Amino acid sequence: MPGAKVTSPADAPTDAQLIDRVRANDAAAFAELRRRHRTDVTRIARTVAHGPAEAERVAGEAFERLHAALVAGAGPRASVSPYLRTMIRRGALAAHRSPGA
């Protein structure tokens, strides 16, 4: 693509920089965080959830909670991975405790 900038991993923004941008309502920054962590989050969700559908739901809810926390000025400051892992564990535990689970 003419004029397209090629970004190397060294040029990519850090999670902390993306977090700051999400707090400033930058939707593209959250999309990048989601893209960056989606594979890991889905893999972890599959290890704690009962089935693929629950894993996808738990992973999606983890990202929703992360976004809500960041735009509220809360949540992680430097890295989202530990926060997402905690949200996945909590989501899977809640699913297991809910009636009909």
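What follows is a set of questions and answers on a predicted model.

Trainee: How many helices and strands does the secondary structure of the chain come to?

Mentor: Read along the sequence, the pattern is α-α-α-α. The count is therefore four helices and zero strands.

Trainee: How far apart are the end C-alpha atoms of helix H3, and what span should its 20 residues have?

Mentor: Helix H3 covers residues 52–71, which is 20 residues. At 1.5 Å a residue, these should span 28 Å. The model agrees with that, as the distance between the end C-alpha atoms is 29 Å.

Trainee: Which helices do the buried residues of H3 pack against?

Mentor: Buried means under 20% relative accessible area. The residues of H3 that are buried include Val 58, Phe 63 and Leu 66. The buried residues of H3 pack against helices H1 (15–23), H2 (27–48) and H4 (81–97).

Trainee: Which element gives the largest share of the largest nonpolar core?

Mentor: This core has 21 residues, and Leu 33, Leu 66, Leu 84 and Ile 88 touch the most other members. The elements giving two or more residues to the core are H1, H2, H3 and H4. The largest share, seven residues, comes from H3.

Trainee: Leaving out residues up to four places away in sequence, which residues does Leu 84 touch?

Mentor: Contact here means heavy atoms within 4.5 Å. With residues up to four places away in sequence not counted, Leu 84 touches His 37, Val 41, Ala 62, Phe 63 and Leu 66.

Trainee: Which residue forms a salt bridge with Asp 15, and how far apart are the closest N and O atoms?

Mentor: Side chains of opposite charge can pair when their charged atoms come close. A search of the whole structure finds nine salt bridges. The partner of Asp 15 is Arg 36, and the closest N and O atoms are 2.9 Å apart.

Trainee: How many residues apart in sequence are the parts that this pair, Asp 15 and Arg 36, ties together?

Mentor: Asp 15 lies in helix H1 and Arg 36 in helix H2. The pair therefore ties together parts whose separation in sequence is 21 residues.

Trainee: Is Asp 15 buried or exposed?

Mentor: The cut-off for buried is under 20% relative accessible area. The relative accessibility of Asp 15 is 11%, so Asp 15 counts as buried.

Definitions and conventions:
Residues numbered from 1 in each chain as written. Predicted model: local features only at pLDDT ≥ 70, side-chain atom pairs only at ≥ 80, totals over all residues. Heavy atoms only, no water. Expected span 1.5 Å × (residues − 1). Buried < 20%, exposed > 50% of the residue type's maximum accessible area, 1.4 Å probe, protein only. Core = buried A, V, L, I, M, F, W, Y, C linked by side-chain atoms within 4.5 Å. Salt bridge = Lys/Arg side-chain N within 4 Å of Asp/Glu carboxyl O.
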